[in-house]
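This note is intended for a colleague who is opening the model for the first time.

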Amino acid sequence: MRVLLIGANGYLGRFVADRLLADPAVQLTALGRGDDADVRFDLATGSPGALTRFLDAVHPGVVVNCAGATRGGARELTRHNTVAVATVCEALRRSGCGARLVQIGCGSEYGPSQPGSSTAEDAVPRPGGPYGVSKLAATELVLGSGLDAVVLRVFSPAGPGTPAGSPLGRLAEAMRRAMQSGDGELKLGGLGVQRDFVDVRDVARAVHAASLSAAQGVINIGSGRAVRLRDAATVLARVAGYGGALHELDGPPGPLRPAIGHPRSDADHAAPVAYPYPDGCGSWQQADVRTARDRLGWRPRINLEESLADIWMEAACRI
């Protein structure tokens, strides 16, 4: 099976590439903006015609799109998350390769949900910020393309390589700084937020399974369990051997309540925050993952403690 992987150098893409390369039946070609990609191509600026010519030459059976942006303004997010996917869909429609498309979506497409609830694929998406809007638009493009396609809505990925700007990344960095300076107390904000964390290696397994399956539509990829960041912080402290006190600042991160690892200053009181929860998902998010089990034969294997241990191992190397 020849697979074209777009975004192989990204956070998720690196693990997807490792998983696919471990399958002796897969011939992998990486397409991206970096010099180490097999083929250099920028989806945000490249034309569908140019990508079509490449697809006709390589003739992949599956195209996996892990590319995208998680940060930036609405224009940048739209360019990298929506326009780029429109280019992929149009190129696949024009091409004679007949490839299956596996698109990586995100839980932010759903937006806020009722505390205590599990979000299934038939929930009406109401993204609460520009990132979720740009990813939802991409999903709608894929679903309306007429292609053989599946969208994996990945909730909150965790584990090795976790970006420093993510909640768990900021948490690990704050703990590293506290241990490095000998602080006996760590003050953190936003610990009441509850998210569904899924290990990035389990996400890669889901992508591999989706590549081999005939499943179409939207499929949630998560652990099926919401975890309070306060509890994740407690586990991380145990893993790290941090014996200090964890002091929680009340309420969600905002102008008066800095986010995890952000030092409190006078400037915080004046800076407006448009989205108190940067992912636009409010205080609670939990995936219903029964569809992934039933249609992909997939279940998460790696627990959050192992994911946090790997996050800490990388953070500790910076001490």
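1. Helices (H or I, at least four residues) and strands (E, at least two) are DSSP runs, numbered from the N terminus. On that basis Glu173 belongs to helix α5, which covers residues 167-181. The protein as a whole has 10 helices and 12 strands.

2. Some conventions apply throughout. The model is predicted: local features need pLDDT of at least 70 and side-chain atom pairs count only at pLDDT 80 or more, while totals for chains, interfaces and linings use all residues. Residues are numbered from 1 along each chain as its sequence is written, and side-chain values use heavy atoms, with hydrogens and water left out.

3. Overall dimensions come next. For 319 residues a compact globule would have a radius of gyration near 20 Å, and the protein agrees, with 20 Å; the radius is taken over C-alpha atoms, and the globule rule is 2.2 Å times the number of residues to the power 0.38. Along the principal axes, the C-alpha atoms fill a box of roughly 60 × 40 × 40 Å.

4. Burial is defined by relative accessible area: buried means under 20%, exposed over 50%, and partly exposed in between, with a 1.4 Å probe and protein chains only. Of the 319 residues, 52% count as buried.

5. Contact means heavy atoms within 4.5 Å. Among contacts with a separation of 6 or more, 81% join residues 24 or more positions apart.

6. Which elements does helix α1 pack against? The buried residues of α1 (residues 11-21) are Tyr11, Leu12, Gly13, Phe15, Val16, Ala17 and Leu20. They pack against the strands β1 (2-6), β2 (27-32), β4 (62-65), β5 (100-106) and β7 (156-158), and against helix α6 (200-212).

7. His59 follows α2 and lies in the loop between α2 (48-58) and β4. The phi of His59 is near 55 degrees, a positive value in a residue other than glycine. With a relative accessible area of 44%, His59 is partly exposed.

8. Thr162 is placed in the loop between β7 and α5. Is Thr162 buried or exposed? At 12% relative accessibility, Thr162 counts as buried. Leaving aside residues up to four places away in sequence, Thr162 touches Tyr11, Gly169, Ile311 and Glu314.

9. Glu173 in α5 counts as buried, at 16% relative accessibility. The C-alpha atoms of Glu173 and Ala215 are separated by 39 Å, the two residues being 42 apart along the chain.

10. A disulfide is a pair of cysteine sulfur atoms within 2.5 Å, and a search of the whole structure finds 0. Cys106 is in no disulfide; its nearest cysteine sulfur, that of Cys281, is 7.4 Å away. Cys281 is likewise in no disulfide, with the sulfur of Cys106 nearest, 7.4 Å away. Both cysteines are buried: Cys106 has a relative accessible area of 6%, and Cys281 stands at 1% relative accessibility.
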